[in-house]
Amino acid sequence: MKTNDVLLRNVTKVVAFIIFLFSLHLFFAGHYNPGGGFVAGLTSAGAITLTLLAYDIKTVKGMLNINTLVITGVGLLFAVGTGFIGIFLGKPFLMHVYTYVHLPVLGKVSLHTATLFDLGVYLVVVGVTLTIIQSIGESD
Amino acid sequence: MNNIVLAPILIPLLFAILLMLLPKKIILQRIVALIGSFFLILAACFLVFHVHTNGITTVNVSNWNAPFGITVVGDMLASLLVFTTSIILSCVIVYSFYSIGKAREKFLYYPAVLFMIVGVNGSFLTGDIFNLFVFFEVMLMASYVLLVLGGTQIQLKATIKYLLINVVGSGFFVVAIGMLYSMIGTLNMADISQKISALHGQDTGMLSVVAVLFLFVFGLKAGLFPLYFWLPGSYFAPPIPVLALFGGLLTKVGVYAIIRTFSLFFTQETTLVMPLLGILALITIILGVIGAISYYDLKTIVIYNILIAIGVILFSVSIMSRESVMGAVYYLIHDMLIKAVLFLIVGIVMAITGTSSVKKFSGLMTDKPGLGWTFFIAILALSGIPPLSGFFGKLLIVESAFSAHEIVGGILILLSSLFVLMSLIKVFTRGFWGEKMGRFNLSIPYRKMMLPVVILLSLSVLYGLFSNAVFPFIEDAVNPIIDPKVYIDAVIKE
């Protein structure tokens, strides 16, 4: 018998989007409030997993259309790459730099290279979680 | 800049990431991995000479000063071990080209190897106890992957045991660090050392508990009695290049961690731990000897020889005199090289004969005399015949044992050399001499597989012949171990 999961799919369309936005919020909140790259990555992976439950692996793969291993690798490159900023400045590895900028809408904002490191963590977490879920889901 | 200290960690890390991004292209993987390992050798060599001329080099990661941030400390012991590691790595990578097989190479074999080297080099270089834990985990995670990669039944069984034992060990490591932190309130190793010596006899009961916990954790990684039980089974399973890396590097990281933490933390304030370490090391030697002479399986014999070497090194560490630590460091480097050589030779013998049991073949000398004599030199070097590299380390160890009135220990170590020689000469006489017996597969790329073996063995021989040139470096390495103040002053600059 074929089940009809129209409810699940329609709710997913809305909720996955909200979860993803929340994960972005967590990502940028990390410096001053609870949050950061790790939990944001997990939440994003959660949004994708929800889509995976509502649809199937093929749909999600078509949606993302990128090798999850590559996401992990790029994330690692980001994390290590930010470390090299310190080396290029003649300071120790992993030293971060920051600056304050006035942006038109947001006002006075601090830009910090630790965010780039966090982006690396975020990508690694998303990549690793999706790799685990996909490879377990695909194996019979 | 001081960032050179980080190069042995960053180079393999960068190359491992690069290799992750281009899987399935085997030729490219091989080339990139080899280039990475050559860069690593250059960096490590540079680091050794940098430390030799400038003294202990430290870098405070992220520019936070010593007790508050993570410090990476390049002292001579760590630099020498990193250098040895990088040489073994390149030789094993070259050997892997001809023996590991395409199926494994396609599934991220080279990235896993490089990630393991990140962990090994990181453990050698770090100056922070929790960072040491993290690098241990990096090393162990990669070693789980390497152990199980390929998915044969014996590998799966061995991996479950190895994984369980190491997860328990890591749990205890965290508990031990937690207890130390609750007493001392810092994680930087130099700072811990300073604060422990400022305790002046208070709290030493708890300190002994932590010391024994550390001994348990590192003994588990190093294969010390009674925690060696996982080692023979787990090391029997993986393919030969992986086994050469494990046998050459992994247990030695445990030994290094014992040398580093015990010389810094536990020598002055506790009287319990060092004698305990000595006794356990002697029992390890005895059990290793029993294992080595009772098997007819080439691979198992070499695996039990790892245990003997671990026992010898840790026994001389437990004496903690200047001479004994020099012997231990010299023997440690010799043993890393020679164990890698032996495992790679075992791999060639197994590729030719199809078995590792010496009862099933003989007369290998008629077809491969070169292999036979290489193996013979390796045996002599391992058991410590004078011009070769095993001799000077053991000489120092035995001398210092006698001058510290550890007569039993000294005699046991001398006897163990005899049994080491016996266990492998048995293989040589039964397998290489005699009438030709067994089916030999001579179609393997023999010369190419011999190349890394010959390079490693000649390095080991040169290490013995030019021990005079090596000793200044070893002395540099011993200074911070005997006198923790040297280490502390280098890390914490007022």
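This is a predicted model: local features need pLDDT of at least 70, side-chain atom pairs count only at pLDDT 80 or more; totals for chains, interfaces and linings use all residues.
Biologist: What does the predictor give the complex as ipTM?

Modeller: Residues are numbered from 1 along each chain as its sequence is written, and side-chain values use heavy atoms. Chain B averages a pLDDT of 90. The complex gets a pTM of 0.94 and an ipTM of 0.91.

Biologist: How many residues of chain B are in contact with chain A?

Modeller: Contact means heavy atoms within 4.5 Å. On chain A, 16 residues take part; on chain B, the number is 17.

Biologist: Which three residues supply 31% of the area that chain B buries against chain A?

Modeller: Buried area is the accessible area (1.4 Å probe) that two parts lose on being put together, summed over both. The two chains bury about 1,500 Å², 82% of it on carbon and sulfur atoms. More than any other three residues, the suppliers are B:Ile17, B:Met20 and B:Leu21.

Biologist: Is B:Ser357 buried or exposed?

Modeller: B:Ser357 sits in the loop between helix 14 (322-353) and helix 15 (369-383) of chain B; helices are DSSP runs of H or I, at least four residues, numbered from the N terminus. B:Ser357 touches B:Tyr296 and B:Asp297, leaving aside residues up to four places away in sequence. Its relative accessible area is 16%. Buried means under 20% (1.4 Å probe, protein chains only) and exposed over 50%, with partly exposed in between, so B:Ser357 is buried.

Technical notes. Chains are lettered from A and ligands numbered from 1 in the order in which they are written. pLDDT is the predictor's confidence in each residue, from 0 to 100. Helices (H or I, at least four residues) and strands (E, at least two) are DSSP runs, numbered from the N terminus.
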